[in-house]
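The sequence and coordinates come first.

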Amino acid sequence: MDKVLTDAGMKKSFGKALLYTLPMLLITFMFISGGRPDFSNPATSLAMMITFLLVNVLYFMMHYSGKTDQYRAILFIIFAISLSFTLISNMIATRNSMSFSQADILECKIPFCHLVIPMMILPAAFTQSIIFPGSIIGGFASIAPMIVLWLVATLVLGRGFCSWGCFYGGWDDGFSRVRKKRTITRINEIWKWMPFAVLILVSLTAALTLLPTYCSWICPFKAVTEFEKVTSVESAAKAGVFVSLFAGFVVVLPVMTRKRTQCSFLCPLGAVNTLSNKVTPFTVKIDKTACNECFKCVQACPLFAISRDNIRKGEVSVFCSKCGKCVDTCPNNAIHYGIKGVPAGTMKYFSRNLFLFVSFLFIAVFSAGSIINSLNSFLKLFF
Amino acid sequence: MKKVKIIAGVTWALAGMILIIILFPFLNSFSSSVAKLPFMKINANYSGGAAASEIIAEGCTIVVRKPVFDGLIGERKNGFVQVDWRGNVAEKMSDSIDYDLDGAPDFLVQVDRSSIKTLLVPLNPMVTDLKTSTQTSYGWAVRVGIKK
């Protein structure tokens, strides 16, 4: 019975789903090919075609099946893996190593990522400068484009950035899906406030030391991107922390809890994005008249964004990353994508279609470069 | 009031859609505008600071940067001065550096590139220690710790 009700929800006919996919086909074609497909390099052409087909098949399936999360997660996980591959291969191509050297720091050649942003704010306000050894504009992973991408995505998607834009989130999202049953079933929800403590800690320490302390000492994703060359006890300790936190928060805990524990308990940018949920136009709504309080969504939510209290109040909390897992899980279609100001239970189709178009377009275009690059490197082995 | 809220919400959502559509085609121009903001420059603790003086000798240019003491508010007691060797850098370098531009050398730095050994001889009590000595894409760079 549950299955029947869910499938009846947002599912569309083949033709209608294709019609909804058409704008995405056109826009992603323009972005991926640059409007002028070039078939001179077979490996690159094939990589572009596979990427183009992948994103559009996933988008089509979201409309056709009425499900969101599983198709989003496929692209999200592929994005995380391909981005790490791109970063590492770029490091190896330019430096023959996954680690960066003192010279790279001195020459401000360190790739910039969005996790640095919270630590930059106080120093930028006081010193009128950026405390990161990267390039402001131009070159690989420079600062200004990353700020623009994050700012616009966060303004429009709020914490949706954490499920539709962050190129690290796919790692713990992926590991949280490895097992079907949770080994750890009870986690005190107070821990979901932990990113705010981390945010305050790293913002203050970064301001006092003028060092991006989260990147220097905490970031688990250093283990799958780039880190300081181990030349001293300090750098060895840092590498140990990165690998341990990656193993703990990105691999082991997500597998045991089926939750995105790095995003839920550690990420300082996640805390900033949580606040931005207050201004974004998109949200997830709970239609109390349709809800039978089965609380399946509470179990399903990977970010502790829905509690029993939230359901009784009829709204998800600001921790929601709009991944769609609760929407797909709800047997009564009581949870749906919504627009602020629009009452729950109304304009369900319009809200979902608009949100999917906006969020999927962002991740499709943002991830395309990394996926093409990774596929290209793989395909070059055969061409 | 309910209708106004709906119209405002939907308008904001449509505006968000337009923002995302124009984001990628206009990313370069948006980024250039952001890069022009007054705080969009790399802190001197990372960039090494502006050049203070240049010495040109045998195809190699020695660039002595301005001392960096930058803190969050005001200046710190301890800082550093960066010296770059650019161009045709010799295997062994031995140069006296006057970072405070008072006409007297403040430290002597000797670099043996083949063995990657650097010797710092302080000639001024304000000079503390050798922070960094490394090969770079443009030649060689040294950071020397100094006090105020």
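## Chain A overall

The model is a predicted one. Chain A contains 18 helices and four strands. Its radius of gyration is 21 Å, close to the 21 Å from the globule rule for 383 residues, so chain A is as compact as a globular protein of that length. Along the principal axes, the C-alpha atoms of chain A occupy a box of roughly 60 × 55 × 40 Å.

Of the 383 residues in chain A, 52% are buried. Among the contacts in chain A with a separation of 6 or more, 75% join residues 24 or more positions apart.

## The side of chain B that touches chain A

The interface brings 39 residues of chain B into contact with 41 residues of chain A. On the chain B side, at least two residues each come from helix H1 (2–23), helix H2 (27–35), helix H3 (44–47) and strand S8 (127–136). The most comes from H1(B), which gives 13 residues. By class, the chain B side holds 23 nonpolar, 13 polar and three charged residues.

## Helix H7 of chain A and its two partners

Two packed helices are described by the angle between their axes and the distance between the axes. For helix H7 (residues 143–157) and helix H18 (residues 348–379), both of chain A, the axes come within 11 Å and cross at roughly 160°. An angle over 145 degrees counts as roughly antiparallel, which is why H7(A) is described as roughly antiparallel to H18(A). The crossing of H7(A) past H18(A) is left-handed. From H7(A), the residues A:Leu149, A:Ala153, A:Val156 and A:Leu157 take part; they meet A:Val358, A:Ser359, A:Phe362 and A:Phe366 of H18(A). This contact has seven nonpolar residues, one polar and no charged.

H7(A) also packs against a helix of the other chain: the axes of H7(A) and H2(B) come within 8 Å, crossing at roughly 110°. H7(A) and H2(B) are therefore roughly perpendicular to each other. Here the H7(A) residues are A:Ala144, A:Pro145, A:Ile147 and A:Val148, and the H2(B) residues are B:Leu27, B:Phe30, B:Ser31, B:Val34 and B:Ala35. Eight of the residues in this contact are nonpolar, one is polar and none is charged.

## Helices H10 and H14 of chain A

Another pair within chain A is helix H10 (residues 194–209) with helix H14 (residues 268–276), packed at an angle of about 110° with the axes 7 Å apart. The angle falls in the range of 65 to 115 degrees, and H10(A) and H14(A) are therefore roughly perpendicular. Their crossing is left-handed.

The residues that H10(A) brings are A:Pro195, A:Phe196, A:Val198, A:Leu199 and A:Val202, and they meet A:Pro268, A:Gly270, A:Ala271 and A:Val272 in H14(A). The contact of H10(A) with H14(A) is made up of eight nonpolar residues, one polar and no charged.

## Residues with positive phi

A:Cys108 is a residue other than glycine with a positive phi, near 55°. The loop between helix H5 (102–106) and helix H6 (117–127) of chain A holds A:Cys108. A:Cys108 counts as buried because it has 21 C-beta neighbours inside 10 Å.

A:Met347, also not a glycine, has a positive phi of about 50°. A:Met347 sits in the loop between strand S4 (335–339) and H18 of chain A. With 20 other C-beta atoms within 10 Å, A:Met347 is buried.

## A:Lys340

The loop between S4 and H18 of chain A also includes A:Lys340. A:Lys340 has 18 other C-beta atoms within 10 Å and is therefore partly exposed; the cut-off for a buried residue is 20 or more.

Apart from neighbours within four places in sequence, A:Lys340 is in contact with A:Pro281, A:Thr283 and B:Gly9. From A:Lys340 to A:Asn376, the C-alpha to C-alpha distance is 41 Å, for a separation of 36 residues in sequence.

Note on methods. Residues numbered from 1 in each chain as written. Chains lettered and ligands numbered in written order. Predicted model: local features only at pLDDT ≥ 70, side-chain atom pairs only at ≥ 80, totals over all residues. Rg over C-alpha atoms; globule rule 2.2 N^0.38 Å. Buried ≥ 20, exposed ≤ 12 C-beta atoms within 10 Å, placed from the backbone. Contact = placed C-beta atoms within 7 Å. Nonpolar A, V, L, I, M, F, W, Y, C, P; charged D, E, K, R; others polar. Axes fitted to C-alpha atoms, helices over the stretch in contact; angles between N-to-C directions. Parallel < 35°, antiparallel > 145°, perpendicular 65-115°, else oblique. Left-handed = near helix turned anticlockwise from the far one by under 90°.
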